[in-house]
Amino acid sequence: MSFYRTHIYPHIVNMLGDPEPIRRIRRQVVASAQGTVLEIGVGPGPNFAHYDSSKVSKLFALEPNPGMIRMADRQRRQTSLDIEFLDLPGERIPLPEASVDTVVSTFTMCTIPDVLEAIRGVKRVLKPGGKFIFFEHGLAPDPQIHGWQKRSEPITHHLFEGCTVTRHIPSLITQAGFEIKEISSGYLAPFPKALTYCFWGTAA
């Protein structure tokens with residue numbers, strides 16, 4: 001792995017990835033996780049503080065970047081959660097079929113190369129009746145903003161480890177076999193609109 005990916009990029013994500021509008025939605029969606037939980041792409045661990053430890057019996061934290069894991073481990077030590085780190089890519093979830101009650105993904109699906117395979121992996125590990133909680137940025141509905149997203153995507157792809165801002169997250173989730181139960185969307189965070197159109201909700 002490159003020095004940028006393991007030592008610089010995690011600090012950029014830690015500094016820019018959790019402004020108050022984003023944090024407010026994190027608190028809202030992550031708190032509904034329960035039982036045995038898998039979080040894919042935990043990054044530096046901003047979600048850990050928002051889990052309800054009285055409802056979560058175990059948290060599997062999947063993150064392939066060792067620099068992110070070092071930062072997330074510091075967040076882990078500030079909680080009472082039982083957290084086990086998994087370090088394989090999101091396309092290959094190293095858990096048995098139907099083994100978790102909740103899967104959480106926040107700002108992860110933009111960076112996974114084979115995102116459909118990853119979402120199918122989420123479906124595989126969820127128990128019947130389990131819940132998929134998502135909070136992702138993606139394709140904006142406004143044609144002008146969409147144009148800016150396409151023009152700026154080579155930059156975000158390079159700077160943010162493969163970040164693809166033109167994915168329509170709800171379509172990907174349903175294409176992988178889920179039914180979306182709740183969804184909201186809108187522009188969040190004090191950054192350019194091309195980077196901040198988000199979808200959040202639950203699927204089953």
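**View 1. Strand 1 and its two parallel neighbours.** Thr 36 stands opposite Lys 58 in strand 2. The model shown here is predicted. Strand 1 pairs with strand 2 in the parallel sense, over six bridges. Strand 1 also pairs with strand 4, again in the parallel sense, over four bridges. Six of the six residues of strand 1 are buried, so the strand is largely enclosed by the rest of the structure.

**View 2. Strand 5 between strand 4 and strand 7.** Strand 4 and strand 5 are parallel and share six bridges. Here Ser 105 has Phe 134 of strand 5 as its bridge partner. Strand 5 is joined to strand 7 by six bridges too, but these two strands run antiparallel. Phe 134 stands opposite Gly 201 in strand 7. In a regular strand, side chains alternate between the two faces of the sheet.

**View 3. Helix 4 and the crossover.** Strand 4, helix 4 and strand 5 make a β-α-β unit, and the unit is right-handed. Helix 4 spans residues 115–125, and its buried residues are Val 115, Leu 116, Ala 118, Ile 119, Gly 121, Val 122 and Val 125. An α-helix has 3.6 residues a turn, so residues three or four places apart point the same way. The buried residues of helix 4 pack against strand 1, strand 4, strand 5 and helix 6.

**View 4. The nonpolar cores.** The largest nonpolar core has 28 residues. Leu 38, Ile 119, Phe 132 and Ile 173 have the most contacts inside this core. Strand 1, strand 2, strand 4, helix 4, strand 5, helix 6 and strand 7 each supply at least two of its residues. Helix 4 gives the largest share, five residues. Another core, of 22 residues, lies apart from this one; Tyr 51, Ile 83, Val 104 and Ile 133 are among its members. In soluble globular proteins, nonpolar side chains tend to be buried together.

**View 5. Contacts of Ile 173.** Residues up to four places away in sequence are not counted here. Beyond them, Ile 173 touches Met 109, Ile 119, Phe 132, Phe 134, Phe 178, Ile 180 and Ala 203. Ile 119 and Phe 132 are also listed with Ile 173 among the residues with the most contacts inside the largest core.

**View 6. Aromatic pairs.** The structure holds seven aromatic pairs. Tyr 187 belongs to strand 6 and Tyr 197 to strand 7, with the two 10 residues apart. Tyr 187 is partly exposed, at 28% relative accessibility. Tyr 197 is buried, at 10%. Elsewhere, ring pairs link Phe 107, Phe 135 and Trp 200 into a cluster.

**View 7. Charges over rings.** Lys 193 lies over the face of Tyr 187, 4.9 Å from the ring centre. Arg 151 lies over the face of Trp 148, 4.6 Å from the ring centre.

Terms used: Residues numbered from 1 in each chain as written. Predicted model: local features only at pLDDT ≥ 70, side-chain atom pairs only at ≥ 80, totals over all residues. Heavy atoms only, no water. Phe/Tyr/Trp six-rings, centres within 6.5 Å; stacked < 30°, edge-to-face > 60°. Buried < 20%, exposed > 50% of the residue type's maximum accessible area, 1.4 Å probe, protein only. Lys NZ or Arg CZ within 6 Å of the ring centre and 35° of its normal. Contact = heavy atoms within 4.5 Å. Pairing = 2+ DSSP bridges. Right-handed = clockwise from strand over helix to strand, strands pointing away. Core = buried A, V, L, I, M, F, W, Y, C linked by side-chain atoms within 4.5 Å.
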